[in-house]
Amino acid sequence: MSRPTAPARRVSPSGEDPVVAGASMLIGGPPGAHARIGVNRSWWTPLRVLMAFTVLICLLAYAQKAPCRDTRNWSHEYQYTRMCYSDVVALYGQEGLANGKRPFLDYPTEYPPLIGAAMQFASSVAGFASPSQPVYRDDGGRQVVASYTIDHRTATFYDVTALLFLVAACVAVFATALTAGRARAFDAALVALAPVLVLHLMTNWDILAVAFAAAGLLAWSRRAPTLAGILIGLGAATKFYPVLFLLPLAVLTLRAGRIRPFVRTFVATVVTALAVWVPLWLVAGYFKGDERVGDSIWTTLWAGGDWFGKLGGHWGDGTNAMLRFVDLNSERGPDWDSLAFATTWLASSFSTHMFGAVHLLTMAVVGIALAVIAIAATSRWPAWRWPIVLVACTGWLLVAACVPAVLTDVREHGIPTGKLNIISIVVLAMLLLGIAALGWFAPRRPRLPQLLFLTIAVFLLTNKVFSPQYTLWLVPLAALARPRWPAFLAWQASEAYVLLTRFLHFVYNDTNGASGIDRGWFVSAVVIRDLTLCVFASLVVREILRPELDVVRVTGADDPAGGVLDGAADRRSRRAMRATADTATATDRDATQAGPGGWAAAVGAGP
């Protein structure tokens, strides 16, 4: 049975966050102690202010990438030096959309189904625009090409996609604000004003998945588990990561004894994902590379051909276009922004004499991190002091032994794709198991966004692909898990630094070192970003272990995003309390049987 939670008092962001307090000086400073907030009605409600912020940031994002809207500028490293590179522009021609090809039907698009649908929608509108045309000039009586007009098809494709992204960004902010609850609606300002929203809104189609994920979390918070599963399933048909939401949901609902809503969400997620993927699997063409070599399963069935032989995804020399996404992610090596790429570069770029310094530095960093974790854990669970110390020392010794072997092996053999896939999966599984244990053994049941943020963060850190725009996945979860600006802005600054060094390194590569920066600067930026993200995650873990530091719970709330979890009884805590009560009862019984003075003997305080 749920227990009612104390009503959360309304929060003034400038009263609890130093960054907001400083920014509020532009409009007169924070409200005073006797200010009557919310008494006088105003048209500018928190949601409307957030929507205004979102539209403004989306316009800045559009303008930031707008110079690359004109494909005539894509030369002499313009797209990198202006930091305006966008997959939206690049893939319009690369995916065959400019030639009228349809994703999955005429071209094996490398993205999940709903991104292909968004591409097709924008491409259908852009098809009415005019292509680039030559501009002639007279050269001694003959006409020569002087220049070309702008390709209005690409520009229109960019503009229509930008409108879709604007709607998706507004949905993500709106859903995050409602999920945070009425008392903390302004926590969604971390999403609306996030610097990475300017840098990466137009980079790729990730904001669509973010909108589905945020809406799914809102549905869960409003105790609509079936709708939540539908939206999470749609998100999984856009990008894979929303599927990982199911792990924290399983742990927390099991701890609360509310497993039935989770089952409904799980079933709805699977059914929705299949409802999107299966029909497209049946109508997708078969390709060898980019060349179509076979009809779809559906067409083959109606033609009386061997449709059954195509169900497995491979037929002759062709592969179902839906497998392009799977094949690409399984066959590609470590991507630029991943730790695996940094490790490969580090092992191959320096003399083995440098490995000693790297080894010592790694041991120092890991040792400090493990010491902090061990101290925090032993202060919380003093009875487990020695097992915790033993585990920390074992982990430190494993790192000390493995780092030299790993660097030497990578230097001599590289990291084969198959081995990298296995390593990534194993490390991710271990970290997810640790997050599940944290959710189960924490002194108080964690809030759902806290575990969601940690889950997606470890997925990105261990993945062999961590494209810059993936950071959008984390922003709404960070706003709900830890709505504080200082650490959030530090993380955002590290993301901007990665993007800057990435583009400058691409310039370096394309100009053979004539300009730009070499790989060391870029890899250093990636490591700084990953460390900053780890620090942010560690702050979330600290607030899980010490709920009194959680700004959301300080105001009297339990878990505004938790839905059926909000205010629910904590079965894990009940078991701990019952065990404590049983121990106390046994002690009382021993003391009674011991006779006069027996209590002191029973507890070991006397002879």
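This is a predicted model: local features need pLDDT of at least 70, side-chain atom pairs count only at pLDDT 80 or more; totals for chains, interfaces and linings use all residues.
User: Why is R445 called buried?

Analyst: The relative accessible area of R445 is 4%.

User: What makes R445 and D558 a salt bridge?

Analyst: Their closest N and O atoms are 3.8 Å apart. The cut-off is 4 Å between a side-chain nitrogen of Lys or Arg and a carboxyl oxygen of Asp or Glu; therefore the pair qualifies at 3.8 Å. R445 lies in the loop between α19 (417-441) and α20 (448-462), while D558 lies in the loop between α24 (551-554) and α25 (571-594), 113 residues apart.

User: How do you know that D558 is buried?

Analyst: D558 has a relative accessible area of 5%, and because buried means under 20%, D558 is assigned to that class. D558 also forms a salt bridge with R553, at 3.3 Å from N to O, and R553 is buried as well.

User: Why is D295 called partly exposed?

Analyst: Its relative accessible area is 41%. R292, at 37%, is partly exposed by the same rule. The two residues form a salt bridge, with their closest N and O atoms 3.7 Å apart.

User: Which residues touch the most other members of the largest nonpolar core?

Analyst: They are W205, F453, L454, I456 and F488, in a core of 103 residues. A second, separate core has ten residues, including W281, Y286, A321 and L323.

Terms used:
Residues are numbered from 1 along each chain as its sequence is written. Side-chain values use heavy atoms; hydrogens and water are left out. A nonpolar core is a set of buried Ala, Val, Leu, Ile, Met, Phe, Trp, Tyr and Cys residues joined through side-chain atoms within 4.5 Å. Buried means under 20% relative accessible area, exposed over 50%, partly exposed in between (1.4 Å probe, protein chains only). Helices (H or I, at least four residues) and strands (E, at least two) are DSSP runs, numbered from the N terminus.
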